[in-house]
Amino acid sequence: MSEIAASVKTRYLSAGANRYAAAADWGEDGLVAFGADTNVCLWDPSNSKGISQILSGHGAHVRAVKFLPKSSSHESTAAYLVSGGDDKDLRLWALNRESHTVSQHQLFKDAHTAPINCIATLGSAIGSRRCLFVTGAADASVKVWSQDRETGQVSLIQSIKTTRGYLPLALALGQLNGQEDTDEEDGFILAVGGTTNSIQIFTSSASKSAPDSELQFTLQATLPGHENWIRSLDFTREKPDQKDSDILLASASQDKYIRIWRIHKGTALSALNAAGMDISVNALMPGNKIHKIKAGSQGENSQFCIMFEALLLGHEDWIYTARWAHSPSADNKSSSNLQLLSASADNSLSIWQSDAESGIWITVARLGEISREKGATTATGSIGGFWTGLWSPSGTTIATLGRTGSWRRWDYDVSEDMWKQNIAVSGHTRSVTGISWSHDGSYLLSTSSDQTTRLHAQWLDPKQPNTAYKTWHEMSRPQIHGYDLNCIDSLGPSSFVSGADEKLMRVFTKPKAVAKMLSTLTGTSPGSGGEDDDTSALPDAANMPVLGLSNKAIDVMIDDDADLSAQPGVDTGFSNSDREALDPASMVRKSALEIDHPPFEESLSRHTLWPEVEKLYGHGYEISCLAASHDGKLIASACKATSLNHAVIRLFETTGWTEIRPPLMAHSLTVTRLRFSLPNEDEKDGDKYLLSVGRDRQWAVFEKSGGDESAYQLLQANTKGHSRMILDGAWAPTCLIGQQESKTKSSIFATAGRDKQVKIWVEKRQQKDDGSETSSFELALSVAEDNAVTALDFLNRVVVVASTDEKEMQQLYLAVGTEGGKLTILQIGVDGLDGAVSVTKTIKVQPELWLPKAVTQLAWRPAVRKTGDEEIGEELAIAGEDGSLRVYEIRL
């Protein structure tokens, strides 16, 4: 057996962002980095491909991510990224700008004694030798770190304990004075806010040649004013081209207000004069207290004053972030405008700017879902709203993270002086529990513990018709549920069935609006194959009742100017049943899905639902797994169980949606996976067998009984299939075994268990005394892995590699995923003469492409597709417990 490294290309990466205000940052190189479960994802918004890399290393949720600024005087091929999270570790990543590779540069185990909440860096690099950043954690401490520009190494300078033990939730670091081309002292200011209603100001200074240990921050002032916890802090210089211009501090709070503070170099008197205030009247007004601070020992050059500048009103809920940017002006001629972007739990983004004449801060743009969900606020328990708002380095693009873990992006159009929404990235926010390809491979369905089902497909971009490989995007969100979803399978080109933490399964069918949209965006027929290409019988769209869990079909498409109150099913306050009342904000307008780009987040969550056509009852506990036959005529399902009575497999026929009784019995504990056997190359004998594996360590094979296509009976059960629970099973395509004149088609399947074993079972046929033939499955091969094996899938084709008159060697490819996230492809040789099975080659996926948590499911894409004249590799979909969904192209 030989081992080779796999030739793998990443075709699609999908992951939902963590809902923390500090868990994302937009770097100077144009990359957005954000935490996604235990990963850090890199995304270039200018590239429609979406997420480019997923960095694994953290052992728990990533809460804070920050790029270190470039140095204007020190050239480096690496950009640095700092991340921290619930595992208390601080990690420094090096991003090579030339090779576009990423490596972990430095690790600080237990950098804090509690989860790291926030990270702040200087807005611009200082000096040619050092780069400062600070971290705040739930251990009520703030730590100051310095990076050496030459080596890239980071060292701890100082640890600060907060007064009265409040937890820092927001940090900001700024430079008070000091220029790279002068001998002036480096003076720094640090603002700390968190689970208190005041802001603490620290300062520090040191000569440029002084060691880092001399940079010790001391508390200088406490700024009162807010009435709730501080969520965001950010410094900026009012006029960046003037080194002595004032510094502005923006603070955002859960009290729904933003406060702006002015830091002025000089005495209190000079600060009042600079602000144009009448000293005799304004200086003693409440809230206008001037706070004196000092940084350094250079006389007046080390004296500064902080005074309250403005109170920004307009948001209706908690404000999570407020960030400064110097954006280009609308006329593109005058100097840049200083603008402030705020993101709030009221589902809106606001861009604030000071009026040139009056100096009053006003809202110049408001984006998002304005007044979309009144009452669904943070105060009432919702986790809605926008969690973070980011500026691009140029100040012409905005990105924000919503409650679903999905991003939204707006680009500023100078010619029209308006913000236009553009495509972004989305993904599951919790473990991906099930995946299923459509039968023709045109799209991929995924379901997750985040209570959503999502449809992913490739986009045929009309602006780039010659692109060698179409980019992947989430195209529809068929199901938004109230229970965690556990399993899914396709029933045909236009329908699927899913199971959740409830006692029933739900069947969905594709609505007409989504079918036409997918046809336009992917270049496929509306029904994606055969008789289903006619979409006239499909409902127009779907909607979810306000108090229900079932998506209802809607036969009315509402135009943008339609009267909602005149539409059937719309709740106008006089509905006979609140459960049937529909949310007017999520009604599907006729123009909503007539688009030439992947749908934006608000369309995904409102307009791309699939109507539910059937519920399947019978189980006594939550659904654990299900499988649909390849012809779409049967559904097999099982539920969580601790007894024989509940550990049964129930079969449902899809013509009348009735259960086929009696249920199949073999297991005593929960069945973990069900799989129907694959059809032959001539599409015959499909679904001949049904394989079940369970937590009771046994597998069972059921066979179609007689001429009844829907009746199955137990063929064989192996009560000692593995020494520990079996977690997955998969059927291989049938192989021809036997003498040349008497070859028979033999079925093969694999099982995987917590005992770290992959076992291959081969069908053996024996003649009875009466001349009839009986089949049984015998163990042919065991393969040991490093961890518990959690996922398996066979490629749906057999490769004949050697053929003679006496002997024919057939190759099967089995994808293996483990609890540790490792991915391996086993090339399994089947001797055509005697059926002997062996591993002829192990194809190892590079460790950087492994998952940080368990692989929950694997699925090869059906059929072989071609791009131009070149056949591309086989594509493997990978679902992970880390919430990621990946599609790798693997050359076999």
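Visitor: How many nonpolar, polar and charged residues make up the lining of the largest cavity?

Guide: The lining has twelve nonpolar, eight polar and five charged residues; Ala, Val, Leu, Ile, Met, Phe, Trp, Tyr, Cys and Pro count as nonpolar, Asp, Glu, Lys and Arg as charged, and the others, Gly among them, as polar. This is a predicted model, in which local features need pLDDT of at least 70 and side-chain atom pairs pLDDT 80 or more, while totals for chains, interfaces and linings use all residues. Residues are numbered from 1 along each chain as its sequence is written, and side-chain values use heavy atoms, without hydrogens and water.

Visitor: Why is Leu107 called partly exposed?

Guide: Its relative accessible area is 34%. Buried means under 20%, exposed over 50%, and partly exposed in between (1.4 Å probe, protein chains only); Leu107 is therefore partly exposed.

Visitor: Which residues does Leu107 touch, leaving aside those up to four places away in sequence?

Guide: Leu107 touches Asp89, Leu90 and Arg91, where contact means heavy atoms within 4.5 Å. The C-alpha atoms of Leu107 and Arg91 are separated by 4.7 Å, although these residues are 16 apart along the chain.

Visitor: What makes S11 and S12 a pair?

Guide: Two strands pair if DSSP finds at least two bridges between them. In S12, Ala137 is the bridge partner of Ile116.

Conventions: Helices (H or I, at least four residues) and strands (E, at least two) are DSSP runs, numbered from the N terminus.
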